[in-house]
Amino acid sequence: MARSKNRNITIKIIAVFFAVILWTYVMSDVNPKITKEIENIKVELVNLDALQISGITLMEPKEVTVKVKLSGRRKELIDITADDIIAQADLSGYKEGSHRVDIEVRTHDSRIEIEDYYPKQVVFKFDKIVQKQKHVILRLTGKEGIGYSAGKGVVKPSTVYIKGPRTWVNSVTNVIAYVNLNNSTEDIITSVPLKAVNDRGKEVEGVIKEPKIVDVKIPILKVKDVPIKPQITGTPLIGYEIINVISEPDHVKIRGPEEIIKDIKEIETEPVSADYVAKSISKITPLILPDGIEVVDGNDSVNVKVEIEKKVEKTLEFNIDDIDFTNLDTELEIDKDKSDKKLTVTVTAVESIINALTKNDIKISANLDNLKEGFHNVDIKIKKPSKVGIVKLNPKIFKIYLKKRTDENLTL
């Protein structure tokens, strides 16, 4: 009986031994241990909420992937996919700046081993959430209606806050409200969204504008082109004279309400003093604009030039043949031997006129109406350019002798 029991135990031990050998064979040849690589496994970014609570935001990278090398039995490993692998980066506790963060990788199946993965660390850039106040700039697009011009627009509110990562907020150079004029002939009242742009005019995404929309009012004004009238006060130094006053430009384009602008014929400058001046003046001078009127191009000053020259004298000599004697009795003639033979005229004017003046510019005449034979003192009449003055006439009274015409002269 005992011998039979011992025999059974021996058989069982041998059976177990062979079973183990068989299992080992099966596991080694039928379900061998293998390795597998899986790429582009998305890394879960953990504790982003904690960052935001501390006023920090993740700038980059927004998405990270890893490559994982796995090992295990073929049966367990063959169906493993990226969804079965957990890759995480804990972002809690980091401050502003760039930081290396560890990547942790694990699987749901404890029978699968992580042999290696790459990368094991990633550099993340974090930024502080900041807020900055910016003035709103109004930019007009399109054109007004013909004969009209857009006046200075009003934006409400005139300043807004921009909020976001410090890098993005600092890159914003202007916050702009764009309004299309669209051939308007009436005031524009509208609301428009804001655009935050960098120094290249490109919109900066990711910043928050508070508020996002502003109210805009743009007056559309009537346009008129009118001459400029310089005002000159005072008198130059004795012996000098103003010869010309010039405004550069000489016209100005103004705009304003139609009921005001329709009655404006010219725009005066502020006074320019020429008192006791002995040389020409050139001065940038503001325009005097009526209330409600403005210059279209915004330049409300002009260059006023006051040309001043010294006055000089010049003496011109004329003989009796240069005098135009009118209304002479047809039976009489002038005896040139007994009459004054010449006269001189001293004139005055500014240098530029005097230098160009000749005898031909002066016309001399005398009226001999009702004069009889004999000596006569006649008044000399002088016709001269308007800007030339007579200083002296010598002689003041011209003496002539009238005689009867000879038969020879009468025949002629």
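A contact, as the term is used on this tour, means heavy atoms within 4.5 Å. Among contacts in the protein chain between residues at least 6 apart in sequence, 74% join residues at least 24 apart. The model is predicted, so local features need pLDDT of at least 70 and side-chain atom pairs count only at pLDDT 80 or more, while totals for chains, interfaces and linings use all residues. Residues are numbered from 1 along each chain as its sequence is written, and side-chain values use heavy atoms, with hydrogens and water left out.

**The whole chain**

Coloured by secondary structure, the protein chain shows seven helices and 33 strands, where helices (H or I, at least four residues) and strands (E, at least two) are DSSP runs numbered from the N terminus. The radius of gyration is 53 Å, well over the 22 Å that the globule rule gives for 412 residues, so the chain is more spread out than a compact globule; the radius is taken over C-alpha atoms, and the rule is 2.2 Å times the number of residues to the power 0.38.

Switch to a surface next: of the 412 residues, 32% count as buried, where buried means under 20% relative accessible area, exposed over 50%, and partly exposed in between (1.4 Å probe, protein chains only).

**The salt bridges**

Now show the charged side chains, where the structure holds 17 salt bridges, each being a side-chain nitrogen of Lys or Arg within 4 Å of a carboxyl oxygen of Asp or Glu.

Select R166 and E96, whose side chains meet in a salt bridge at 2.8 Å, N to O. R166 lies in helix α4 (residues 166–171) and E96 in the loop between β5 (85–90) and β6 (97–102), so this pair ties together parts that are 70 residues apart in sequence. R166 counts as partly exposed at 33% relative accessibility, and E96 is partly exposed too, with 34%.

Move on to K305 and E248, which form a salt bridge at 3.4 Å, N to O. Here K305 belongs to strand β25 (residues 301–319) and E248 to strand β19 (residues 240–248), so the pair ties together parts that are 57 residues apart in sequence. K305 is partly exposed, with a relative accessible area of 29%, and E248 is partly exposed, with 37%.

Then select D263 and K262, whose side chains meet in a salt bridge at 3.4 Å, N to O; D263 is exposed, with a relative accessible area of 52%. Finish at E37, E39 and K67, which are linked in a network of salt bridges.
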